[in-house]
Amino acid sequence: MKREITQSLGAWVLFTVDIQPACLGLYCGKTLLFKNGSTEIYGECGVCPRGQRTNAQKYCQPCTESPELYDWLYLGFMAMLPLVLHWFFIEWYSGKKSSSALFQHITALFECSMAAIITLLVSDPVGVLYIRSCRVLMLSDWYTMLYNPSPDYVTTVHCTHEAVYPLYTIVFIYYAFCLVLMMLLRPLLVKKIACGLGKSDRFKSIYAALYFFPILTVLQAVGGGLLYYAFPYIILVLSLVTLAVYMSASEIENCYDLLVRKKRLIVLFSHWLLHAYGIISISRVDKLEQDLPLLALVPTPALFYLFTAKFTEPSRILSEGANGH
């Protein structure tokens, strides 16, 4: 009788251990408090420290992986956005006869390049052009604040942390350095070389940056996860649309019109680079021998435009629009 009771008690004890409440929430985990050889002591379930994320067993593990190619392409896309906007507004406000546009373009490229290098150097590990990251598994990894559990439907356990470390916050750091470098370098350059512009027009490209940097910051904060999955298609669509608009606005109807000015060739090759960037981002070059031939499609939109321009006559459409017909 005692033996049966002992066995039943032992089974009950084991059973109670098994039904201990698990770590709730999709992103809540237990932080390592002490480790001595094979002995590991973990704390209570809660938020993981920065640079860590939960594993399948609900333990917080450090981010030690290297970013994938797709992650680097995403960071490159987010780094290109302020540079492209800088170039657009510099060109927009400099005027056709301004000789300062080229120097401002080079300065903007220098600012963004230095900001990218400094951002990598200050990221973990500090001092090297290399970052450690956590693997992006699903869209919810970008929005952990939406998955804080409420065990009793009253008290919320806050487990919000950067599960995609550092892909989310590193963009904000980069934008901050871009803004600081622009404010340090660009006003001095514009004041010295932008003599062909009026006093009110000299700094308009800088003022424009003071508007689009907050917009880009909010875009990353709210839609970072969506941009991560959609940016290859955004690049392709926008590059196709802007190339068609530029070629029609410049009244390019044949190859001669394209080759007559170096600026037009620079714009064309820039769009081709964007096409290639988008194609590589979509294919992710998982199978090199199958994906590389897709780059042969890069010149296709420009060639299609040149072959069909004679049927649409962009110059006639533009002239009729200017006359109000």
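**Close-up views of a predicted model**

**View 1. Helices α3 and α4 pack together.** Helix α3 and helix α4 (residues 169-193) pack at an angle of about 150 degrees, with their axes 8 Å apart. That makes α3 roughly antiparallel to α4 (angles under 35 degrees count as roughly parallel, over 145 as roughly antiparallel, 65 to 115 as roughly perpendicular and the rest as oblique). Axes are lines fitted to C-alpha atoms, for helices over the stretch in contact, and angles run from 0 to 180 degrees between N-to-C directions. The crossing of α3 past α4 is right-handed (the near helix is turned clockwise from the far one by less than a right angle). The contact has 21 nonpolar, three polar and two charged residues. Ala, Val, Leu, Ile, Met, Phe, Trp, Tyr, Cys and Pro count as nonpolar, Asp, Glu, Lys and Arg as charged, and the others, Gly among them, as polar. Helices (H or I, at least four residues) and strands (E, at least two) are DSSP runs, numbered from the N terminus.

This is a predicted model: local features need pLDDT of at least 70, side-chain atom pairs count only at pLDDT 80 or more, and totals for chains, interfaces and linings use all residues. Residues are numbered from 1 along each chain as its sequence is written, and side-chain values use heavy atoms, with hydrogens and water left out.

**View 2. Helix α2 packs on α3.** Helix α2 (residues 69-94) and helix α3 (residues 101-122) pack at an angle of about 155 degrees, their axes 10 Å apart. That makes α2 roughly antiparallel to α3. Their crossing is right-handed.

**View 3. The largest pocket.** Its volume is about 2,100 Å³ (the space filled by probe spheres set on grid points joined across faces, edges and corners). The pocket is lined by 40 residues, of which Trp87, Phe88, Glu91, Val267 and His271 lie nearest its centre. On a 1 Å grid over the protein atoms alone, a pocket is an open set of points where a 1.4 Å probe fits, with protein on both sides within 12 Å along at least five of seven lines; lining residues have an atom within 4 Å of a point. α5 gives the most to the lining, with eleven residues.

View 4. A cis peptide bond joins aspartate 124 and proline 125, with omega about 0 degrees. Proline 125 lies in the loop between α3 and α4.
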